[in-house]
Amino acid sequence: MRDDVDQALAVDVLSACLTRDEQDTGDLLEFLAKKLELTLPGRVRVHRKGGLFARAHPVEEIALQLGDQHFTLRRGSEGAAEARIRKVVRGVVLKTEDVSVPEWTEQLATELAGLAQSSAETREALHKFVLG
């Protein structure tokens, strides 16, 4: 029972951290890219816009692979964030789902909390993510 409560609390805390006060899509993408690159460097890919001589290189897309779950958050053509979750098994996409950003962050937080249960390295990375 206590583990279930701890897991639920961990998911809530991670979800809150993922969506913090970042109201603007650009700010949210920049915040998440920075945090995820630092805490899970081998699992996240960040695509930035802009050429070699551009002043700014804003985040266009964040892709994160956690087991069979592939999470993608990208800046849409209208500027709003577009979130997608794919289930991939042995290189075959079994399911693709477009979700809301809050749902994306909640599912990502749940997946990260589950990984933290089984991996000391991931647990330490998430500790850095939350406390920062």
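**Sheet, hairpin and helix in a predicted model**

Student: Over how many bridges do β4 and β5 pair?
Tutor: This model is predicted. Strand β4 covers residues 81-89. Its pairing with β5 runs in the antiparallel sense. The count of bridges is 7.

Student: Which residue in β5 is the bridge partner of V88?
Tutor: Look at two positions. V89 stands opposite V92 in β5. For V88, the bridge partner in β5 is V93.

Student: Which residue in the turn between β4 and β5 has a positive phi?
Tutor: β4 and β5 form a hairpin, with 2 residues between them. In that turn, one phi is positive, at about 50°. That residue is R90.

Student: Which strands stand at the edges of the sheet?
Tutor: The sheet is open and has 5 strands, in the order β1-β2-β3-β4-β5. Two of these have a single partner strand each, so one side of each is left without a neighbour in the sheet. The edge strands are β1 (44-48) and β5 (92-99).

Student: What angle does the direction of helix α3 make with that of β3?
Tutor: Helix α3 spans residues 101-118 and packs on the sheet. It touches β2, β3, β4 and β5. Its direction and that of β3 make an angle of about 145°.

Student: Is R75 buried or exposed?
Tutor: R75 is found in strand β3. A polar atom of its side chain lies 2.6 Å from the backbone oxygen of V59. The relative accessible area of R75 is 18%. Buried means under 20%, so R75 is buried.

Note on methods: Residues numbered from 1 in each chain as written. Predicted model: local features only at pLDDT ≥ 70, side-chain atom pairs only at ≥ 80, totals over all residues. Heavy atoms only, no water. Pairing = 2+ DSSP bridges. Helix = DSSP H or I, 4+ residues; strand = E, 2+ residues; numbered from the N terminus. Contact = heavy atoms within 4.5 Å. Axes fitted to C-alpha atoms, helices over the stretch in contact; angles between N-to-C directions. Buried < 20%, exposed > 50% of the residue type's maximum accessible area, 1.4 Å probe, protein only. Polar contact = N/O pair within 3.5 Å; in protein donor to acceptor, adjacent residues only side chain to side chain.
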